[in-house]
Amino acid sequence: MPVITNIDDLKRLHRRRVPKMFYDYAESGSWTEQTFRENTSDFDKIRLRQRVAVDMSGRSTATKMIGEDVAMPVALAPVGLTGMQHADGEMKAARAAEAFGVPFTLSTMSINSIEDVASATNKPFWFQLYTMRDKDYVSRLIERARAAKCSALVITLDLQILGQRHKDIKNGLTAPPKLTPSTIVNLMTKWRWGIEMLQTKNRQFGNIVGHVDNISDASDLSAWTAEQFDPTLDWSKIAKIKEQWGGKVILKGILDAEDAKMAMQVGADAIIVSNHGGRQLDGALSSIRALPSILDAVGDQVEVHLDSGIRSGQDVLKAMAMGAKGTYIGRAFIYGLGAMGQAGVTSALEVIHKELDTTMALCGETHVEKLGRHNLLVPKGFEGDWQD
């Protein structure tokens, strides 16, 4: 077992052990990747206030997200193709999250199906829904999530049309990978990944293949997305989906105060400030920059979470101190999964937890729920001085 001190250690192992097309799929943004980069670099602009001579004993990172107890305010974000980073990746990540005491969110575009993940876990997980043109399929997907006892439906709002990610096009991204000369050469250097993938039957999109009429092969993500994703999604349709689900609903992809108000009006239990990890609208604000204006718009009327850019426990602390009630990690747990499977996801969670706990103590706080702007030094004009 290699010594892991931070998330970058896992990232280096991930790059070494996973085929290039799947590493690049995780580690990329759309167009120029400006928003992708700023999601992380903007966290670096926020400084922490060190406090001393404070009793640091009895610390706790435990809190709640949408009423569910969590060991720390971190959920595993929905990530497509997780089962291509490591064989049965969604099942392994879900087990690691359950054992650690944080939520796992399964993507519609997962390799392991809803039923696969349900069979591998004992506690309810969350299911992320993309809306499709095929309304019957969407209804059946919701019913499958209900049958699996998912405790929340996470509706992604910012992927009605797929943003262009240059690396995916150049790599010819498919699941499973097509055997071209360049792919074969790369796969020959990833023999451990290949052996593990040969030991599972799960190598296609488990929630799609066999569940969508006239779809027997959805290996080409971009082609299927262009054909099936619903560009007509609006707030009335979101309200109908919420009504059909009947349980807790989290709306993901909110980056504007006006949209946050609309999400509140349709009765969301929580909203996720997110720019899809910089993978959709390049040039949009980073999530952490967008967070304050959204909090100002909704106050405490709806629970606000943050996704995109979290790479450390210090990032979690900064988001919470800015006013978020929960955060999500995507790439951070994917690095761990690609590096070492389930143990790697656990390692990622342990790293983030230790960083959060230690930083909280050095900021003079003993409970994560007591974090606030008093713990931060935020530069003037951090949100930007934009002309309307």
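The largest pocket of this predicted model has a volume of about 420 Å³, a volume being the space filled by probe spheres set on grid points that are joined across faces, edges and corners. On a 1 Å grid over the protein atoms alone, a pocket is an open set of points with protein on both sides within 12 Å along at least five of seven lines, a cavity is a set where a 1.4 Å probe fits but cannot get out, and lining residues have an atom within 4 Å of a point. The largest pocket is lined by 20 residues, with Leu157, Asp158, Gly253, Leu255 and Asp259 nearest its centre.

Residues are numbered from 1 along each chain as its sequence is written. Local features need pLDDT of at least 70 and side-chain atom pairs pLDDT 80 or more, while totals for chains, interfaces and linings use all residues, and side-chain values use heavy atoms, without hydrogens and water.

There are three cavities of 30 Å³ or more, and two of them are set out here.

| Cavity | Volume | Lining includes |
|---|---|---|
| Largest | about 450 Å³ | Pro78, Val79, Gly80, His276, Arg279 |
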